[in-house]
Amino acid sequence: MLAAIIDVEHLIRVAGYPLLVVLVMSESSGIPVPGETALITASVLASKGDLSIELVIVLAAAAAIVGDNIGYLIGRKGGRWLLERPGRFQNERLRVIATGEPFFERHGPKAVFFGRFVLGLRVWASWLAGATHMRWRSFLLWNALGGICWATLVGLIAYFLGRSAGNLLQTFGLFGLGAAALAIITAFVLHRRQRRRKTGHAAPDAGTEAAVPNPQKGVPPPGINAPPLD
C-alpha cells in the first residue's frame, strides 16, 4: 500500500543506495515499508545504467540480514511480552506462542529461509523467530542464506526482464511467479505428449502393412493357391 502511495522510483533516483538500504532494512526488521519494491526499482534503474546491479544486490542482501537480526532481537527481548501480556486478544496471542514454538522448533530454518520470499513472513518471520526463542546461530545462518538468495534472484529478474517483471514480482511474489511458470511448462509438456500420441496413432503401422500380402506384386492372398509356375 505504501508502495502505491510513495513514488519509490523517484526517491531511489534522488537518494540512491542509502535509501535502498534503509527501506530493505526497515522492512526486514518488522516495519511494513516497501523494501522489496525498492530492490526491484533499484535493479531496474541499474539496467538503465543509473546504478550498479552488483552493488544493489550486495547492499540489499546486507540490509536484509541486518534488518532481520534487529527484528529477531526485538522479538527475543519484547515480542514474547507483547504476546503474553493481559488485554484484548490475549487468547489469540497465547495461541500464537503455542503454535509458533513447536513450529519453529521443527521447521525454523525453512520458515526463516523461505519467509524471505513471502510478503507477510518477510516482515514478521524475524519477530516470530525471536519471540519463540529460536536458536540465534541457526537463525543467523538461514537468514543470511535467505537474504542473499532473495536479493540475487529478485535483483537479477528485475535487472534482465525490466519493469514488467518487477510489477509481476510485486503482485504475485517470487513463489507465485515460480508456480505460474511451472504450470505453463507442465501444460506445454503435456500438450506435446498428447500431440505425439495422436500422431503415433494416425501413422500407418509399417509392421502390419508388411504382413499383408499385395496381390499386385505377385504374392497371392492367404488361402488362395498360386498357379503352378512354368
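## Close-up views of a predicted helical protein

**View 1. The largest cavity has a volume of about 80 Å³.** Of the 13 residues lining this largest cavity, Asp68, Val112, Arg116, Ala125 and Asn143 are the closest to its centre. This is a predicted model, where local features need pLDDT of at least 70 and side-chain atom pairs count only at pLDDT 80 or more, while totals for chains, interfaces and linings use all residues. Residues are numbered from 1 along each chain as its sequence is written, and side-chain values use heavy atoms, with hydrogens and water left out. A cavity is a set of points, on a 1 Å grid over the protein atoms alone, where a 1.4 Å probe fits but cannot get out, and lining residues have an atom within 4 Å of a point. Grid points are joined across faces, edges and corners, and the volume is the space filled by probe spheres set on the points. By this rule, the count is 1 cavity of 30 Å³ or more.

View 2. The lining splits into 5 nonpolar, 5 polar and 3 charged residues. Here Ala, Val, Leu, Ile, Met, Phe, Trp, Tyr, Cys and Pro count as nonpolar, Asp, Glu, Lys and Arg as charged, and the others, Gly among them, as polar.

**View 3. Asp68 and Arg116 form a salt bridge.** Their closest N and O atoms are 2.6 Å apart. The pair links distant parts of the chain, with Asp68 in helix 5 and Arg116 in the loop between helix 6 and helix 7, 48 residues apart. A salt bridge is a side-chain nitrogen of Lys or Arg within 4 Å of a carboxyl oxygen of Asp or Glu. Are these two residues buried or exposed? Asp68 is buried because its relative accessible area is 6%, and Arg116 is buried too, at 2%. (Buried means under 20% relative accessible area, exposed over 50%, and partly exposed in between, with a 1.4 Å probe and protein chains only.)

**View 4. Asp50 and Arg13 meet in another salt bridge.** The N to O distance between their side chains is 3.3 Å. Asp50 sits in the loop between helix 4 (35-47) and helix 5, and Arg13 in helix 2 (residues 8-15), so the pair ties together parts that are 37 residues apart in sequence. Asp50 counts as partly exposed because its relative accessibility is 44%; Arg13 is also partly exposed, at 46%. In total, the structure holds 2 salt bridges.

**View 5. Val66, Ile70 and Ile74 form a nonpolar patch on the surface.** Together they have about 210 Å² of accessible area, found by the Shrake-Rupley method with a 1.4 Å probe, where for residues only the protein chains shown count as cover. Patches are made of residues with over 30% relative accessible area and no salt bridge; like charges are joined within 9 Å, and nonpolar side chains (Val, Leu, Ile, Met, Phe, Trp, Tyr) within 5 Å. Ile70 belongs to helix 5 (residues 53-84) and is partly exposed, at 35% relative accessibility.

**View 6. Gly75 is a buried residue of helix 5.** Its relative accessibility is 0%. The C-alpha atoms of Gly75 and Ala131 are separated by 4.5 Å, although the two residues are 56 residues apart along the chain. Stepping back, the protein has 10 helices and 0 strands; helices (H or I, at least four residues) and strands (E, at least two) are DSSP runs, numbered from the N terminus.

Technical notes: 1 Å grid on protein atoms, 1.4 Å probe; cavity = no way out; pocket = protein on both sides within 12 Å on 5 of 7 lines; lining within 4 Å.
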